[in-house]
Amino acid sequence: MIPSTVGFLDKDFEIEEQPSLTYKMQMDSKMVRGYADGLEAVRQAIFKIIMTERYQYIMYSWNYGIELNDLFGEPMTYVCPELKRRITEALLWDDRIQSVDSFEFDFPQKGVVQVAFTAHSIFGDVQAEREVNI
């Protein structure tokens, strides 16, 4: 017998936002120690999202990370707008991030694009950057 869900959706639900409290990554010592919350947690989330190749790791949802591998060998006229779009889409999955703008591209050497941008979160603004080999 299949259970009935009639009336289930009529009930009042209280939607509660989860805190942004997470474990703190300490990059200089390469350790995870303590906790981060608020703007620091968002800064860490941005770093993790833009450093994780989407679809590469089974532990992450297919909505997590950014696709960069297929940009290898493509012309810069394609790569720069695509990076802007992909970074924005990847970060907006996090509901703490409201918008992403102020993209700047630099080309320190052949085959390398350095992108800097600002992510506007509910806790404040975060400047971030990522270097991509293409």
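Visitor: Let's start with Ala-119. Which residue in strand 5 is its bridge partner?
Guide: That's Val-126. Keep in mind as we go that this is a predicted model.

Visitor: Okay. How many bridges are there between strand 4 and strand 5?
Guide: There are 10, and the two strands pair in the antiparallel sense. They also form a hairpin, with 2 residues between them.

Visitor: And what's on the strand 3 side? How many bridges join strand 3 to strand 4?
Guide: 7 bridges, and strand 3 and strand 4 run antiparallel. One example is Ser-99, whose bridge partner in strand 4 is His-120. Asp-101 has a residue opposite in strand 4 as well, namely Thr-118.

Visitor: How many residues sit between the strands in the hairpin of strand 3 and strand 4?
Guide: 5 residues, and Gly-111 in that hairpin takes a positive phi near 85°.

Visitor: So what's the order of the strands in the open sheet?
Guide: It goes 3-4-5, with antiparallel pairing. Strand 3 and strand 5 are the edge strands, each pairing on one side only. From one strand to the next, the twist averages 20°.

Visitor: Is strand 4 mostly covered or mostly open?
Guide: Mostly covered: 8 of its 10 residues are buried.

Visitor: Which strands does helix 1 touch where it packs on the sheet?
Guide: Strand 3, strand 4 and strand 5. The direction of helix 1 makes about 20° with that of strand 5.

Visitor: What about helix 2, where does that lie?
Guide: Helix 2 lies across strand 3, strand 4 and strand 5, and runs at about 155° to strand 3.

Visitor: Let's go inside. How many residues are in the largest nonpolar core?
Guide: 23. Among those with the most contacts inside this core are Ile-46, Leu-83, Ile-87 and Phe-117. At least two core residues come from each of these: helix 1 (39–51), helix 2 (76–92), strand 3 (97–106), strand 4 (112–121) and strand 5 (124–133).

Visitor: Which element supplies the largest share of this core?
Guide: Helix 2, with 5 residues.

Visitor: You mentioned Leu-83. Which residues does Leu-83 touch, leaving out those up to four places away in sequence?
Guide: Leu-68, Leu-71, Phe-105, Val-113 and Val-132.

Visitor: New topic: pockets. How much space lies in the largest pocket?
Guide: About 290 Å³.

Visitor: And how many residues line the largest pocket?
Guide: 17 residues line it, and the ones nearest its centre are Ala-45, Lys-48, Ile-49, Tyr-64 and Arg-96.

Visitor: Which element gives the most to the lining of the largest pocket?
Guide: Helix 1, with 5 residues. Strand 1 (22–26) is another contributor, and strand 1 and helix 1 each supply at least two lining residues.

Visitor: Strand 1 is new to me. How does strand 1 pair with strand 2?
Guide: In the antiparallel sense, over 4 bridges, with strand 2 covering residues 31–36. In one of the pairs, Thr-22 has Ala-36 in strand 2 as its bridge partner. Strand 1 and strand 2 form a hairpin with 4 residues between them.

Visitor: Is Lys-30 buried or exposed?
Guide: Exposed, because its relative accessibility is 77% and the cut-off for exposed is over 50%.

Notes:
Residues numbered from 1 in each chain as written. Predicted model: local features only at pLDDT ≥ 70, side-chain atom pairs only at ≥ 80, totals over all residues. Heavy atoms only, no water. Core = buried A, V, L, I, M, F, W, Y, C linked by side-chain atoms within 4.5 Å. Buried < 20%, exposed > 50% of the residue type's maximum accessible area, 1.4 Å probe, protein only. Contact = heavy atoms within 4.5 Å. Pairing = 2+ DSSP bridges. Axes fitted to C-alpha atoms, helices over the stretch in contact; angles between N-to-C directions. 1 Å grid on protein atoms, 1.4 Å probe; cavity = no way out; pocket = protein on both sides within 12 Å on 5 of 7 lines; lining within 4 Å. Points joined across faces, edges and corners; volume = space filled by probe spheres on them.
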